[in-house]
Every structure is written in C-alpha cells, then in structure tokens.
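Q: I would like to learn how to read a model of this kind, feature by feature. Where should I start?

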Amino acid sequence: MAFDVRRFDIYRKIPKDLTQPTLTGAVISVCCCCFILLLFISEFLHFINVNVSSELFVDNPGDNDRILVHLNISLPRLSCSVLGLDIQDEMGRHEVGFVENILKRPLGEKEEGCLFEGRFYINKVPGNFHVSTHSASTQPDSIDMAHIIHEVSFGTRMPFEELSKGASPIKGSFNPLKGIDRSKARAFFDDDLILLSDLNIESHDYVMKIVPTIYETLEGLKIETYQYTYAYKSSVTFSHSGRIMPAIWFRYDLTPITVKYTESRPPLYSFLTTVCAIVGGTFTVAGIIDSMVFSASEVFKKFEIGKLS
C-alpha cells in the first residue's frame, strides 16, 4: 500500500453539501473581515512609522570642551558701526568686540538698523555673551537695544529634513528664542526716579539653561547638539557714576543631564506575529460567536415546536 502524504493534513476539508450557510453566519463573517482589515491597517501604519524614544542620563556628549553658538538678531534702531559682541565666562575669558565670524548688515539704505549674525564658541562653564556698544570708539547719543531674535542655538543645527521619514516630530527646544520681538514693547518700572527717556536704554536679559542632547537616527546618524530653556527680564540699571550702558545679555549655564533621542521601528517578526494573532484570534472569536448564535437559534426553534425535551 502506497504512503499517502495527505494523512498529515490537519486542515481537512468538509464537502459543501454537508455544510449549512446561515444569514447570521454571513453577517458575522463580513464583520469579522472588516475588523481584521481595520486592525491590519492600524498595525501596518504602526510598523512603517518611526518611533522616537527619549532617555535621560548624567553625561556630556562629545569630547570637545567648547560649544558652537549660532546668533542671528536684528536691531532696528542702532547702526552696525557701534554694535559688537562681548564674551565672558568663569574661566576668565573676557573678550570685548569679538570679530571672528561676525557679520553685520544694515537693514535700511541709510545705514539704519542692523542685522547682527555671529558664529562663535563658548566654554562649557557658566558665562554670558552679549550684544552691546561697549567696543565702539564713539558712543551714540541714544542707545536703544530694541531687537528681534531670529536664532540663538547651540551645537550642531538639527537637520530635520534629513531625519528618517515617518519619524515622530521632536518636541525639543533647540531654538526657542526664534521669533522673539522686543522691538516695540517698553518696560514699565515702579521706581518714580526713572525717567521716560531711560526706557530707551533698558537692558534685556535672557537667562538660559543648556541641556546636552544626542539624536540617533535609524540610518546610524548621530547628532550631538544642545537644547535650552530661558527666562527673560528687562531693566534699567545705574552705577554710582550714572547709568550703565544697555546690552542684550544671554547668560547661560549647563546642566549635567543629557537627553538622548533614539529612532526605532518594530522588527518584521513582531509585525508578522501580530498579524497572525489578529487573523487567527478574530476568526476564532467569530467562530465561537457564530456557534453560540446558531445553537441558540436551534434551541429556540425546538422550543417553538415543543421538542425541547
């Protein structure tokens, strides 16, 4: 007798003439297929999207002891000829009129206003950098530090257009000062000794907490950058000899906590396992429901004709 491999078939078929289709079974089958399709689409979208997870740990990214700063700010009421950048920190650095990689462009045709751009390094210690007229050989009659901030960022700029497609948006503060407009507002002071003319010489203080940040993409790209939060205040200060020249101060300090963002995607085997669980589980539950409904209807029919005993 020849060996029949069909003996191993665990999915044995039942002839159609031995099966009985029902309206209830058809409704349950259609609902079952729709439910499977809905879950499959949901799971597929979850599989193709990139998840961005975050974690915190005590560390500083990179071996460099300096941080790159990008500064871009408009001052509509001061000439470029009197503006300069000063840098100070707790390591003893004190530079007045820093000029390396500094670009100043007039905003108007008559040298009115100035677009001040800078790219420079600061040490990883508390300090400040500020835009002022301290380095000017001749001080202007009126020093109005009204300004609009276009960019104040630290470290490598985040190349959002190069990140993995489908990645979740990063809820970070890489350039939170962007768009800050102090060109029209005027501070209000309670001290009656401060004259209205003094409002044109108010200083602006931005106190920032810098947070080291690492971003790792699916493609293996590792970006070491920095986020920051800030607090703002404006003031008119005086010394024993009179008023102090105003400035736009950016005071910074670093936190020892590093934030790490990591892109990830569910593995293929996880997706296949979930799909099998969806299909098999749904069909099993639908079969149980269909059997219960069919048994209940048979019992009800027997009850109607009095054959329930």
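The dialogue below goes through confidence, helices, a surface patch and backbone angles.

Q: What is the average pLDDT of the chain?
A: This is a predicted model, and confidence comes before geometry. The chain averages a pLDDT of 83, and 87% of the residues score at least 70.

Q: Where in the chain is confidence lowest, and where is it highest?
A: The lowest is strand 11 (residues 238–239), with a mean of 56. The highest is strand 6 (residues 114–123), at 95.

Q: Over which residues does pLDDT stay under 50?
A: Where pLDDT is low, the predicted coordinates should not be read in detail. Here that concerns residues 187–198, where pLDDT stays under 50. The model has 13 contacts beyond four places in sequence for residues 187–198.

Q: What span should helix 2 have at 1.5 Å a residue?
A: The expected span is 1.5 Å times one less than the number of residues. Helix 2 (residues 268–305) has 38 residues, so it should span 56 Å; its end C-alpha atoms are 56 Å apart, which agrees. For helix 1, with 26 residues, the reach from first to last C-alpha is 38 Å, close to the 38 Å expected.

Q: Which residues make the nonpolar surface patch?
A: Leu37, Phe40, Ile41, Phe44, Leu45 and Ile48 make a patch of about 510 Å². Take Leu45, which lies in helix 1 (residues 23–48). Leu45 has a relative accessibility of 42%, so it counts as partly exposed.

Q: How is Asn101 classed by its relative accessible area?
A: The value is 47%, so Asn101 is partly exposed.

Q: Which residue just after helix 2 takes a positive phi?
A: Gly306 does, at about 80°.

Methods
Residues numbered from 1 in each chain as written. Predicted model: local features only at pLDDT ≥ 70, side-chain atom pairs only at ≥ 80, totals over all residues. Heavy atoms only, no water. Patch = residues over 30% accessible without salt bridge, like charges linked within 9 Å, V, L, I, M, F, W, Y side chains within 5 Å. Areas by Shrake-Rupley, 256 points an atom, 1.4 Å probe, with all protein chains shown as cover. Salt bridge = Lys/Arg side-chain N within 4 Å of Asp/Glu carboxyl O. Helix = DSSP H or I, 4+ residues; strand = E, 2+ residues; numbered from the N terminus. Buried < 20%, exposed > 50% of the residue type's maximum accessible area, 1.4 Å probe, protein only. pLDDT = per-residue confidence, 0-100. Contact = heavy atoms within 4.5 Å.
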